[in-house]
Amino acid sequence: MNEMEYSDYIDDEHVGEEVSEGEVIELEITPEFRGERIDKAIARLLTSYSRSKIQNWLEAGLVHNNGIAIDPKCNASGMEHLKIYIPSDPQNGAYQAENIPLDVIYSDSDIAVINKPFGMVVHPGAGNWSGTLLNAVLYHFPECSLVPRAGIVHRLDKDTSGLLVIAKNIQAQHALVQQLQNRSMHRKYLALAWGKTPIQKVIHGAIGRDPKDRLKMSVRSNHGKEAITNVKTLHQVTYHEKFISLVTCVLETGRTHQIRVHLESIGHALVNDPIYKNKIPNQISAELIGDLNNHKIYFPGQFLHAGNLGLVHPTTNESVQFQCEPPINFIETLSFLNIPSEVWQTEFLL
């Protein structure tokens, strides 16, 4: 199975060049490079590194000729004897095991099911090269170091809590990815959304990168990947005369930010979503978060919890189901809004 087959389920990350901490590279610029910009000459000789990284080293004064930092914009004379002092790079530790606690719901020789807390990043990336779920998985399950992406086959946003399945070997990973591809893996989420949501609705809307904001995704009929979310309303309440709906969302596909994007696209952005908040009552939203904080209920982001997970075990071929309750902060928020626990427990828990 090639890397592209994972792209629908895990965003592509560019980890960058692997470099040793504190490494010093010695390099001779020969006469054939005379007259070329120094960054271009170095890039032609050090093909393992991108030109932009080499330019960064030059601008940081890390490239020396005879002990003197050279001008980033100078041309090569063809007689340089360079020393490049490569700084330590946080990317080097991206795939290091870290002793981070994990709430392991289930584990055997093939898979592990983990209840990810909100606030934890799943996979290392820019600004989060350590402290991720991947780092924790490598510590608790060292065998995952032999599996691409440490066995992670699907992901949750940083501030989305809930269940993830991890593959401990290649065979299990292939089987789980196939289930994601043929849409047989069951994933149900509990969410709080603004407005009076439909009793039941299937949202069809291709999702792609937002052309106006590269940090966001959006529904893009001609330039996105197919995405389908099944929404069911469990309960509705009013807060300062504005409706808030408790819903379940069942995924048929696994696109980046899928539930958040789809609900916003029909006018029902998630409560406290820091990114997707079109048409929300901003003043009322701020008052709600303030009221929650006054009751010592703190929630960092969107109210979204992946609490139901069903799949076929890669080895036994048995259908298995897993569940976990929302975080206590989520439950306390539902209580604050006078949403009876029976409403979501009956529908959401198995």
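The largest cavity has a volume of about 30 Å³. This comes from a predicted model, and the count of cavities of 30 Å³ or more comes to one.

As for what surrounds this space, the lining of the largest cavity is made up of His-154, Leu-156, Leu-163, Arg-187, Tyr-189, Ala-306, Asn-308 and Leu-309. Sorted by class, these lining residues come out as five nonpolar, two polar and one charged. Two strands stand out here: strand E8 (186–194) and strand E14 (304–312) each put at least two residues into the lining of the largest cavity. Of the contributors, E14 gives the most, with three residues.

Turning to the helices, helix H1 (residues 38–45) and helix H2 (residues 51–59) have axes that come within 9 Å and cross at roughly 125°. Angles of 65 to 115 degrees count as roughly perpendicular and those over 145 as roughly antiparallel; H1 and H2 are therefore oblique to each other. As for handedness, H1 passes H2 in a right-handed crossing.

The residues that bring the two helices together can be listed too. On the H1 side they are Ile-38, Asp-39, Lys-40, Ile-42 and Ala-43, and these meet Arg-51, Ile-54, Gln-55 and Leu-58 in H2. Taken by class, the contact of H1 with H2 holds five nonpolar, one polar and three charged residues.

Conventions
Residues numbered from 1 in each chain as written. Predicted model: local features only at pLDDT ≥ 70, side-chain atom pairs only at ≥ 80, totals over all residues. Heavy atoms only, no water. 1 Å grid on protein atoms, 1.4 Å probe; cavity = no way out; pocket = protein on both sides within 12 Å on 5 of 7 lines; lining within 4 Å. Points joined across faces, edges and corners; volume = space filled by probe spheres on them. Helix = DSSP H or I, 4+ residues; strand = E, 2+ residues; numbered from the N terminus. Nonpolar A, V, L, I, M, F, W, Y, C, P; charged D, E, K, R; others polar. Axes fitted to C-alpha atoms, helices over the stretch in contact; angles between N-to-C directions. Parallel < 35°, antiparallel > 145°, perpendicular 65-115°, else oblique. Left-handed = near helix turned anticlockwise from the far one by under 90°. Contact = heavy atoms within 4.5 Å.
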